[in-house]
Amino acid sequence: MFQLDKENKLTVEELIPCYATDFHKYLRPTAFMDYAQELAYQSATALGFGYNVLIKEQRAWVLSRFHIKFLKPIRWGDTVKIQSWHKGPNGLFFLRDFKLMDQAGDPAVLATSSWIILDLVNRSFVRSNALAQLMPVETECHENAIETPAPKLLPVREGNVEKVGEHIVNYADIDCLGHTNNVRYVVWSMDAAGADITFKKPCRELFINFIKETHVGETVELFRHVDTAEDGTITATIEGRVEGANSFICKLVF
């Protein structure tokens, strides 16, 4: 049972299973996003504007941007608490934050996300002022897990990226709305970053923008640009393109 506290935060306790962790037994970035996605939907449901309410009007929540900071490693077998709260409208977007706390109660992962409501009939955005009655201000919590909303990412200048692979969208990628689930883009990005990075360094920060949905049978070309700073920090920017147009941009900091 999911219940809200007096600040409109939804909190769940999770035991980290082996399949949510990587080669080092650390929580995968994609596993955190899986938890966050479910918590977002359950929180919206508890507040009265979840999937079942929106789908009656042929509308749905769609994730547009995400920014995650991994402060300390979470391991297989750890018991953690994950919180999520809705911060209200911000221009076209609706903001939602997340916090994962370790067994000592200290923050281990912080995240902020930007969502839109999509009209599933004409595939257009629903303006926030049209939804004021559905999401009254009393449902909001204005605490910031990360101070600023997830940023817009710009494509890497042509000539500075290399093609590193392709992915054909298939069964494992598709969600209940009929398009690629947001977490799958991060799976592709982590693989495209390269094993020489991902097996040696933990991901410390993740940014992603979802630009255009992808569907079964489409071929997503994956392009990579890697920067290495003087302090050893590695930033891998991954772009996914369908027929030459970007479908997503993901920036991973190791």
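## About the model

Because this is a predicted model, local features need pLDDT of at least 70 and side-chain atom pairs count only at pLDDT 80 or more, while totals for chains, interfaces and linings use all residues. Residues are numbered from 1 along each chain as its sequence is written, and side-chain values use heavy atoms, with hydrogens and water left out.

## Salt bridges

Let's start with charged pairs. The structure holds 13 salt bridges (a side-chain nitrogen of Lys or Arg within 4 Å of a carboxyl oxygen of Asp or Glu). One of them joins Lys9 to Glu143, with the closest N and O atoms 2.4 Å apart. Lys9 sits in the segment before β1 (10-15) and Glu143 in the loop between β6 (124-125) and β7 (162-168), so this pair ties together parts that are 134 residues apart in sequence. The strand labels come from DSSP: strands are runs of E with at least two residues, helices are runs of H or I with at least four, and both are numbered from the N terminus.

How hidden are the two partners? Lys9 counts as buried at 5% relative accessibility, whereas Glu143 is partly exposed at 27%.

## Two strand-to-strand pairs

Asp97 forms a salt bridge with Lys87, and their closest N and O atoms are 2.9 Å apart. Asp97 belongs to strand β4 (residues 93-101) and Lys87 to strand β3 (residues 79-90), 10 residues apart. Asp97 is buried, at 0% relative accessibility, and Lys87 is buried too, at 10%.

Next comes Glu162 with Arg224, where the closest N and O atoms are 2.7 Å apart. Glu162 lies in strand β7 and Arg224 in strand β9 (residues 219-228), so the bridge ties together parts 62 residues apart in sequence. Is Glu162 buried or partly exposed? Glu162 is partly exposed, at 41% relative accessible area, while Arg224 is buried at 18%.

## Two helices side by side

Now for helix α1 (residues 29-47) and helix α3 (residues 182-193), whose axes come within 9 Å and cross at roughly 175°. (Axes are lines fitted to C-alpha atoms, for helices over the stretch in contact, with angles from 0 to 180 degrees between N-to-C directions.) The two helices are therefore roughly antiparallel, a label for angles over 145 degrees.

Where they meet (contact means heavy atoms within 4.5 Å), α1 brings Pro29, Thr30, Met33, Asp34 and Gln37, and α3 brings Asn182, Val183, Val186, Val187 and Met190.

Key: Buried < 20%, exposed > 50% of the residue type's maximum accessible area, 1.4 Å probe, protein only. Parallel < 35°, antiparallel > 145°, perpendicular 65-115°, else oblique.
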